[in-house]
Amino acid sequence: IILFINLPWVYPFQCATAAANYDLEAKTFVNQSSARYYRFYNEIAAETYSANDEEDFEALFTKLNNVKRIAEELVSISRQAAGFELDKVRNAETKHALHELRSAGDLFVLGDDYFSSVQMNLAALQTLSTDKDIEPYLGGAKMPNEDDSPLAYYPDIQKIVQSSRDADELKYYWETWREKNQLWASVNFYTIVQSYQKAAKILELPVHRLWYRDDSQEMLQQMEQAMSELRPAYQELHSFVRQELHKKYGAEVVNLNGPIPDHLFQQVLEQAWASGSILEDYYPRSQLPEFDEFVSHLNAKAMVNESENFYTSLGFQPLSPEFHKNQLKEPNEDKPNDDCRPSVFDLTPYPYLMYCEKVSFRKLMQYHSHMARVYYAQQKSHLPSYYFKAYNLEFAVGEAVVLSASAPSHLKGRQLTKEALSDRALMSRLFRMAIHTILSIPLYYVHTKVMHDLLDDTVDMDTVNKHYWRLMEQHAGVEPPSDRSEGAIDFPYKFYVNIDQSFQTQKFISEILGYQFYRELCKKSLSSGPLSNCDFYGSLAVGNDLKSMMKLGSKKPWKEVVSKILPNNTGLSSLALLEYYQPVLNWIGNYNKEGKAKIGWTPTKRSKE
């Protein structure tokens, strides 16, 4: 018997049996963990909706009574997943699932520090923009009724930036808000950075994978490719903007060959759609209709229904009565808020949408965008929970839908407007969109790069501000409006918004990829005419492509998932965006050529410091 057991052919049999048992054990754990996830989602969803006095779903999540218990469960899943040796798991899908589950604990692995420190600092970063602690310019002399009450950046100062033509006033608010907040911004922000570094070490994960939830190096390479394609067009637009600001404010404020001061760069972004913008001499705002009039006959709920209608026209199922009753959060009519922002709380398979009482064209487009997250959650709900992340592609889908829903051809087709826009009005609309979109993309890239470099200790908090301005000069041609002191932290307030969700990276990818999706979906719908006026509303072929991508979640690699819409996908590319704005870019190119304008910028002493 001993001789029989030690025969050579017995060893492979024993090894194969052990490997099969290990695979079975791993698969059983993965299945059980997925079931536990679903149970947690149900519990969180129930408490989220019941606490409906709050406006912000993200704030609600942090206040749930059972969050700590759920956090402990998620950490337990992470640690159990880490106990499996991936090299011993033969099944590729099980191995991928274990890899995903290792990060399930996220920052919760920090234990009580997450609740006592991380959440506190995240909340503090959000209040940097909402605390009313900024004295008004000239003691309130320029405020209505000379009101000298302290201001918050959002919404008070932002509204001033959206309307003021006074360079000194804009510079005052730019400097004062940063000086007021630099200490707390530094402390709160760096605590978040250190928390991710510590959590990644505990989870034995690369810190960038924990932050981005994906392969950061490949993502950065793709972002750099998109930036490289965008750069020539960006420099042409930058040159036009700089010339117009130079005409308005003079050489002492704007160097005709240098970077643009940031306070005026932000003014251009915020006032792109206002009368009196830098486009006024070429395309007056009066030539465009008042877009809010297109929706003046609708109430808030009707706008939500209109956005749902876009998706059902593509073949998606109408949202259930249960969604409209339990997952659609109505505005608090007793407390109307003109500054309310619609939001989605995505607890797949239970997405929650909060809408606002205010009726505006912008809100209608926001609902079209947010509905992409709702329908994405619906399509991927059949998957195991560790595939729910879906590479944040729902934001790019939302961008593509908004481009279609805001197209003049769609507005006329839906009878939101009775008259077609003139060619000149179409160009004015496109020009304003180009300013807001093309000028923003390098900012998203810089913000992503700063976070990336901080996380891997390429820079620290003592040197990050200089690093930030070097990147801003290099990629955006923007400099601070004044010399910056040692220890200054000059990130704009938008940098801190949803920072734990890599929001600036999401914005970059959704803008670039959104135009890629849009162009391909327009081709699929057999739309004719210029890309900037394409509407794929009502195309079942488009809906089928979207559903085939959504159903995958993150079950397959990113490129394979995206290929459901982009069959020749080579990664992020700015070419679709450039095609969309080609009429504007042609106009700017001719304008700059005739005026012999400098393209690009020469760094100044301030941008080098």
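Reader: Which cut-off makes two rings of Phe, Tyr or Trp a pair?

Author: This is a predicted model. Rings of Phe, Tyr and Trp, the last by its six-membered ring, pair if their centres lie within 6.5 Å. By this rule the count comes to 46 aromatic pairs. The cut-off on the centres is 6.5 Å.

Reader: How is the pair of Phe29 and Phe84 classed: stacked, edge-to-face or tilted?

Author: The ring centres of Phe29 and Phe84 are 5.4 Å apart, with 35° between the planes. Planes under 30 degrees apart count as stacked and over 60 as edge-to-face, so this pair falls into the remaining class. Phe29 and Phe84 are therefore tilted.

Reader: Which parts of the chain does that pair link?

Author: Phe29 and Phe84 are 55 residues apart, and both are buried. Phe29 belongs to helix 2 (residues 10–50), and Phe84 to the loop between helix 4 (67–82) and helix 5 (92–101).

Reader: Are Tyr311 and Tyr375 buried or exposed?

Author: Tyr311 and Tyr375 form a stacked pair, 5.1 Å centre to centre with 15° between the planes. The pair links helix 12 (residues 300–313) to helix 14 (residues 361–380). Tyr311 has a relative accessible area of 0% and Tyr375 is also at 0%. Buried means under 20%, so both residues are buried.

Reader: Which residues form one aromatic cluster with Tyr311 and Tyr375?

Author: Tyr311 and Tyr375 belong to one aromatic cluster.

Reader: Which residue lies over the face of Tyr154?

Author: A charge over a ring needs CZ of Arg or NZ of Lys within 6 Å of the ring centre. Over Tyr154, the distance from the ring centre is 4.1 Å. The residue is Arg341.

Conventions. Residues numbered from 1 in each chain as written. Predicted model: local features only at pLDDT ≥ 70, side-chain atom pairs only at ≥ 80, totals over all residues. Heavy atoms only, no water. Helix = DSSP H or I, 4+ residues; strand = E, 2+ residues; numbered from the N terminus. Buried < 20%, exposed > 50% of the residue type's maximum accessible area, 1.4 Å probe, protein only. Lys NZ or Arg CZ within 6 Å of the ring centre and 35° of its normal.
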